[in-house]
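Hi,

Here is the structure I promised to pass on. Have a look, and my notes follow below.

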Amino acid sequence: MDVLSSLGDGFVVAFTLQNLLLALLGCFLGTVMGALPGLGPSNGVAILIPLAFTLGLPATPALILLTSVYYGAMYGGRISSILLNIPGDEPAMMTTLDGYPMAKKGMAGEALALSGIASFVGSFFATWGLVMLAPQLVKVALLFGPAEYFALFTLAFATLGGIASRNQAKAAFAAALGLGIATIGVDGQTGVPRFAFGEVHLYDGIDFLVAIVGLFAVSEIFVFLENHRGNADADASKMKIGRVTPPLSMLKKTAGAMSRSTVIGFIAGVLPGAGASLGSFLAYSLEKKVSDKDGTFGKGDPRGVAAPEAGNNAAAGGALVPMLALGVPGSGTTAVLLAMLLALNITPGPLLFQQNPDVVWGLIAALFIGNVMLLLMNIPMVSLFVRVLLIPPKYLMPAVAMISFVGIYGISGSTFDLMVMVGFGVLGWVLRKLDVPLVPIILGVLLGDQMEKNLRRAMTISDGDWTTLFASPLSIALWAFAILGFVAPILFGRFFRVKRREEDIGD
Amino acid sequence: MSDRIFGVIGLFLSAFYVWQATLIQESFIQDPVGPKAFPVLIAIVLAAASLVFVLRPDPAPHWPAAGRLFEIAMSTALMIAYALALPEAGFVASTTVAAAFLSWRLGAHPIASIIAGLTIAIGIYVVFHLILGLSLARGPWGF
């Protein structure tokens, strides 16, 4: 098997002391970031990118560090969901529904252990899915020309808006805003400055890391200031854990839930724009339909804990498939990981698999290793992470803010970039108030350059004939899916969206 | 109402964007579409979305009271000041002040927040500069 020998090479890359230590560090940081409410996977990874970059880590170790953080955050989110009824990050929202009732029944330890195992199952099989599916997708991607790529980018924006947001217009607005920001600076094709207003700092364009850290991390600080949530919601007396091993009978009972949820989660992750939150939502809803015969869901049913955790971790692995194989991220956090690749001058997509197989397969091997580390960390050592929850945000958020500044200042040493970052923070806060999703903005800033380049390349090939965008069957199919992905939620999404809103209010 | 205002701002933004796009100097190197077409496409999407906000607004979000808004404005001003102060006063001094201010505004006792500010500044300095070798802003005292 070709794939298996590549994977073997990947393990050789990953099994160096430095990479193993980075994976360990990433897993630890990720779990902490996932567990702390207010520090999700996207802003956690966003803060670390500039740091990894300025520390001069080469591509493979940097990626190993950050994807370990990514996987770790998916594990960590469950801890505060179960113990405090507050999701540590967005994908862990569904875990509160049965996790917290279980903890109230005095089974917090079992719930933590079970969800840890479910997380492991979800990400382990999803990583195998990544190994199998990504090379196949690469073969398809090799057929893509500039016109198809342009259609693919449009598809990513359309489905992202359709699935991840409640209001299509707001998602479209966000995408256009991001693309608009990406056009600032000297035009790569003809060398003329655009939208720079004579400001020298803008000739280079706006660094996407500045935009990402501003939109995610700095705006989060404003949210905390607004709500004046300086004190920890955690209360040490509430957090009695008990035994952290699930009884075998519980594992047997939840095995079906885990396997169904893994499949659903992985598919949700692979679809562009859906990501882990949708994965856990679908997994929980499906499991409730299949298994909830006695009405025990929502009252502390172990299957209701296992399903969303397996689902969100599987989706996290699935979301890496389109990111690595096509260069089109499947979720907010993978968009941030894409930023990392671009910052390291690596363009993901089919060429990545041919030119830098060590990066791809080293990364995948590191995911397997990280996953085992996470399982070991998250079951016996879970009480350590529980203690982290006791740090009040009034001390934590200033530290997060300062580390964000350090990272951005480290890249360029420019005060101007810091001010742009603060500007993005304010913008991000206002847009969050208005329910405008931030992920399409990030995706726009990241992909804008590629999207325009492909459009203009296609036009150059066809000598200005716009019908070339719809000329091949592949591109017609992509356009059809894009339109479907954008329009279908408007027509059929009512039910789904109403349901989600109820869940939002519920927490 | 918030959405309507937001939509109007969006419409102005896209008009401004198109106007700026028409001002782009054409270069002698030219491809069939040129540097203006893509921005115009984006502006159309931006304007269409903004129009939807004006015509079919979502219910207004819950805006914080004036006091909270002032708080956010103050913190923004502080972060800008921090960015400007970094090269002048060095990393540790400016970070102590900025972190202390933020933790005070998040509800820490003034004395506790000063301690927190110092701890954060020195902690970051030790971990990122002394251990990891990242270059931080150097002030008049070299740290």
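How many residues of chain B are in contact with chain A? With contact meaning heavy atoms within 4.5 Å, 67 residues of chain B touch 63 residues of chain A.

Before the rest, some housekeeping. Residues are numbered from 1 along each chain as its sequence is written, and chains are lettered from A and ligands numbered from 1 in the order in which they are written. This is a predicted model, where local features need pLDDT of at least 70, side-chain atom pairs count only at pLDDT 80 or more, and totals for chains, interfaces and linings use all residues, while side-chain values use heavy atoms, leaving out hydrogens and water.

Back to the interface: chains B and A bury about 5600 Å² between them, 81% of it from carbon and sulfur atoms (buried area is the accessible area, with a 1.4 Å probe, that two parts lose on being put together, summed over both). B:Phe38, B:Met79 and B:Leu106 give 14% of what chain B buries against chain A, more than any other three residues.

There are two salt bridges between chain B and chain A (a side-chain nitrogen of Lys or Arg within 4 Å of a carboxyl oxygen of Asp or Glu). B:Asp58 and A:Lys170 pair up in a salt bridge at 3.1 Å, N to O. Over all chains the structure has 13 salt bridges. Within chain A, A:Arg194 bridges to A:Glu452, with the closest N and O atoms 2.8 Å apart. A:Arg194 sits in strand β2 (residues 193-194) and A:Glu452 in helix α20 (residues 439-462) of chain A, so this pair ties together parts 258 residues apart in sequence. Strands (E, at least two residues) and helices (H or I, at least four) are DSSP runs, numbered from the N terminus.

Finally, chain B splits into domain 1 (2-55) and domain 2 (66-131), with bounds from an automatic or database domain assignment. Their centres, taken over C-alpha atoms, are 38 Å apart.

Cheers
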